[in-house]
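Hi,

Here is the structure I promised to pass on. Have a look, and my notes follow below.

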Amino acid sequence: MTTLEAVWSAPRLRAVWKESMTKAKQDIEIELEETLTMTGRLRDEDGNPVDITGASAWFTVREDATEAKLIEKTVGSGITLTAEASGDFSIAIAAADIEDMLGTYIFDLFFQLGAEVRKTLRGRFVVRQSLHS
């Protein structure tokens, strides 16, 4: 079984990423009325980029693991495979996605490569009041 790792780059200070960006728990913080684009690279257990050509991916945000999805992003609808051969992708969160979502939620990021589906990242998704409101 191959271990997959999502290595992230956060373009804004409001996205909080811990040093070890593996499938362990991670946190995302965003303020109401803001947008966030997160970029990542999928790697194998040896640190080599994973070719994600033709892969499916989805990012979901829920109140808890049993609740309905509040946000769902998929390839072509919020997730972009930016450089497939090198495993690069991005996820866009729009201000409209988090409207009226003040609080702490959970998120998951899954990739499907062939028949194999893997959760590559999970954590808290924290929406804070905007300092500009």
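First, a term for what comes next: a polar contact is a pair of N or O atoms within 3.5 Å, where within protein one must be able to donate a hydrogen and the other to accept it, and residues adjacent in sequence count only if both atoms are side-chain atoms. By that rule, the side chains of Asp108 and Arg122 make a polar contact at 3.0 Å.

Some housekeeping: this is a predicted model, with local features needing pLDDT of at least 70 and side-chain atom pairs counting only at pLDDT 80 or more, while totals for chains, interfaces and linings use all residues. Residues are numbered from 1 along each chain as its sequence is written, and side-chain values use heavy atoms, with hydrogens and water left out.

Back to Asp108, which lies in strand β8 (strands are DSSP E runs of at least two residues, numbered from the N terminus). Asp108 counts as buried because its relative accessibility is 7% (buried means under 20% relative accessible area, 1.4 Å probe, protein chains only). Leaving out residues up to four places away in sequence, Asp108 touches Trp58, Phe59, Thr60, Lys119, Leu121 and Arg122 (contact means heavy atoms within 4.5 Å).

On confidence, mean pLDDT (the predictor's confidence in each residue, from 0 to 100) is 80 for the protein, and 80% of its residues reach 70 or more. pLDDT stays under 50 over residues 9–24. Where pLDDT is low, the predicted coordinates should not be read in detail.

Cheers

Definitions and conventions
Helices (H or I, at least four residues) and strands (E, at least two) are DSSP runs, numbered from the N terminus. Buried means under 20% relative accessible area, exposed over 50%, partly exposed in between (1.4 Å probe, protein chains only).
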